[in-house]
Amino acid sequence: MHMPAISPSEAPILDLQNVSAGYRRGGLLSPPQHPVLRDITLSVRRGEAMGLLGESGSGKSTLGRVILGLLPALSGTIRFDGQALPRSTGAAWRDLRRRIQVVFQDSNSTLHPAHTILWSLTEPMRIHGLGTPEEREARALAMLEDVGLEPGMARAMPKSLSGGQRQRVGIARALMLSPELIVADEPVSALDVSVQAQVLNLLKSVQQKHGLTILFISHDMPVVEAFCDRAAVMAKGELVEIGSPLELLRDPKTEATRRLCVVSN
Ligand SMILES: Nc1ncnc2c1ncn2[C@@H]1O[C@H](COP(=O)(O)OP(=O)(O)O)[C@@H](O)[C@H]1O
Ligand SMILES: [Mg+2]
């Protein structure tokens, strides 16, 4: 078959074609509810900060889960670096789990409350059987430095950290396995506005230093405007509009985008 020539830099790192997804009401054999996501088609370039913008309940986190392989798509295809994501979450996902990482709204969920920060930072390498204990610790300290935290923080317990520090640790943890794509689901939504700006700046510098692609999920237009190169607007499980934040603000084509822009003004 003849394929048009695409230079590697132009090939999308993440490519979704007509993706639908939903949750099952009961057990595995129960039929899925009506789809929460319908017919999502989206292409993300390598190195890009792509926003996923929409009001609460529009399906943003669900789409994040599908991309992370935590929820199977009902139909459609998702390609990561040209390779179709496996439907099952078994062994085929092992390598992908390393290359696609996540940062949650509250990194408490990824920090073990009874263990030090160092323990939680090195956990992904332990799970993947990477490095010696010394190598894991060295990597953790380097990542702490990258996110602007003192090395001494490695010995701290999660509960002694501020919200901003916890998000920095969450970002450091996501970096431990040198991922190519990070899904950041409302990464600054739980923080005070002044701390939001610091963590956004940090995430941007980390993105540039490590050449990361970031899928940045947010309900907050000013945050998306500050961070993203482009944004896709979601409403009721559908992707309704895509453009640069400035285009969306200046010339919203849909009611959903208009609402998100007005709320923030
Ligand atoms: N675990 C779940 N089981 C069933 N329905 C869910 C679950 N999580 C989310 N939903 C539903 O899916 C829709 C989209 O939710 P979500 O993806 O969390 O939206 P957002 O992240 O944009 O706020 C909502 O109607 C929500 O109630
Ligand atoms: Mg959400």
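Helices (H or I, at least four residues) and strands (E, at least two) are DSSP runs, numbered from the N terminus. Keep in mind that this is a predicted model: local features need pLDDT of at least 70, side-chain atom pairs count only at pLDDT 80 or more, and totals for chains, interfaces and linings use all residues. Residues are numbered from 1 along each chain as its sequence is written, while chains are lettered from A and ligands numbered from 1 in the order in which they are written.

**Stop one: the whole protein.** Show everything as a cartoon. There are nine helices and 10 strands to find. Along its principal axes, the C-alpha trace spans about 50 × 45 × 45 Å.

**Stop three: helix α1.** Select residues 60–67, which make up helix α1. How many of the eight residues of α1 are buried? Six are, so the helix is largely enclosed by the rest of the structure. (Buried means 20 or more other C-beta atoms within 10 Å of a residue's own; exposed means 12 or fewer, and partly exposed is in between, with C-beta atoms placed from the backbone.) The buried ones are K60, T62, L63, G64, V66 and I67. After α1 comes G69, with a positive phi near 75°.

**Stop four: L63.** Stay in α1 and click on L63. It has 30 other C-beta atoms within 10 Å, so L63 is buried. Leaving out residues up to four places away in sequence, L63 touches L37, I40 and L52 (a contact means C-beta atoms, placed from the backbone, within 7 Å). Next, pick G237: it is 174 residues from L63 along the chain, yet their C-alpha atoms are separated by 8.8 Å.

**Stop five: D185.** Jump to strand β7, residues 181–185, where D185 lies. With 20 other C-beta atoms within 10 Å, D185 is buried. Among its contacts beyond four places in sequence are S61 and G64. Finally, select F216: D185 and F216 are 31 residues apart in sequence and 6.3 Å apart in space, C-alpha to C-alpha.

Key
Contact = placed C-beta atoms within 7 Å.
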